[in-house]
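Please look through the structure shown below before reading on, and keep the sequence beside it as you go.

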Amino acid sequence: MPNYQSAAILGHPEIIETAREAARIADYLEGKGIRTVHGSLNDDTIRKEIWAKKIDFVITLGGDGTVLRAGHLCAPVDIPILAINMGSLGFLIEVSPEEWKEAVDRLLAGDCWFEERMMLQTSLWRGEKKFYQLDVLNDAVIARGENLRPVHLRVSLDGLEVTTYVADALVVSTPTGSTAYALAAGGPILPPNLRNILLVPVAPHLSIDRGIVLAEGSMVSVTVLSDHGSVVSGDGQESIPLHQGDRVDVCASKFVTKLVRFQEVG
């Protein structure tokens, strides 16, 4: 049986009901001798405790977006996530609000397993200077900005130029993300246990219009050729402006997001 001693409960900051539910779960865990902190995903005090590895597991209350943001937080410190669905989408979540007590009991008893989801390391370069880096669970999207003109993106794999896309966007996705924006753009669905990188253009014009599945070890480099503005976003977070000549490098991350699972494997 695992020797869990501490837990953090993170709720979506804009879903009011999560605060009340988090307090209920915290009381339940405290009654079992588990030190518990709870608050919103934006709570800096809790985030610092997680980064300092003072937390054994995290419970999220929200939808898939909450799980994605918790993955950014927990993956680098190898902390598992028990996700409870209190949002609109729950592709990553198998526990409903009515089932949380049973799920917590099973987690504390070790009656579960950890599903490791591949992540992508996304690095932004301006000349020889790296100015941003983020590990994403779903995808990195390089897209047009406010200007409605399509972006011109040169794509290289492992240093060799492959093609130039003229499109609304290019999605660089994990298997997890293959059921998100990549699927909406017409990409294939990949089993979440795979470790592949998926390229899917959005509304391509006179460019390759099929998704491309790459090996885990591939390095994807996307260079912005457009001079009218473009952006990059990781897992749907705030967009970062890109300039002409900027490069986005995407490869498999050394981190994985660990999700607590109860259903049988396979």
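This is a predicted model: local features need pLDDT of at least 70, side-chain atom pairs count only at pLDDT 80 or more; totals for chains, interfaces and linings use all residues.

Residues are numbered from 1 along each chain as its sequence is written, and side-chain values use heavy atoms, with hydrogens and water left out.

A pocket is, on a 1 Å grid over the protein atoms alone, an open set of points where a 1.4 Å probe fits, with protein on both sides within 12 Å along at least five of seven lines, and its lining residues have an atom within 4 Å of a point. The largest pocket holds about 740 Å³ of space, a volume being the space filled by probe spheres set on the grid points, which are joined across faces, edges and corners. Its lining has 32 residues, and those nearest the centre are Phe91, Leu92, Arg117, Thr176 and Thr179. At least two lining residues come from each of helix H3 (64-74), strand S5 (113-126) and strand S7 (139-144), where helices (H or I, at least four residues) and strands (E, at least two) are DSSP runs numbered from the N terminus.

The second largest pocket holds about 220 Å³ of space. Among the 13 residues that line the second largest pocket, Tyr132, Leu134, Gln237, Glu238 and Ile240 are the closest to its centre, and S5, strand S6 (129-136) and strand S14 (230-234) each give at least two residues to this lining.

Helix H3 also deserves a look of its own. Nine of its eleven residues are buried (under 20% relative accessible area, with a 1.4 Å probe and protein chains only), so H3 is largely enclosed by the rest of the structure. Among these buried residues are Asp64, His72 and Cys74.

Ser6 lies in strand S1 (residues 6-11) and is buried, with a relative accessible area of 5%. A polar atom of the Ser6 side chain lies 2.7 Å from the backbone oxygen of Lys54. Beyond its neighbours within four places in sequence, Ser6 is in contact (heavy atoms within 4.5 Å) with residues including Ile34, Arg35 and Phe57.

Finally, consider two loops. Asp158, in the loop between strand S8 (151-157) and strand S9 (160-167), has a phi near 55 degrees, a positive value in a residue other than glycine. Ala203, in the loop between strand S11 (197-202) and strand S12 (212-214), has a positive phi near 50 degrees.

Conventions: Buried means under 20% relative accessible area, exposed over 50%, partly exposed in between (1.4 Å probe, protein chains only). A polar contact is a pair of N or O atoms within 3.5 Å; within protein, one must be able to donate a hydrogen and the other to accept it, and residues adjacent in sequence count only if both atoms are side-chain atoms.
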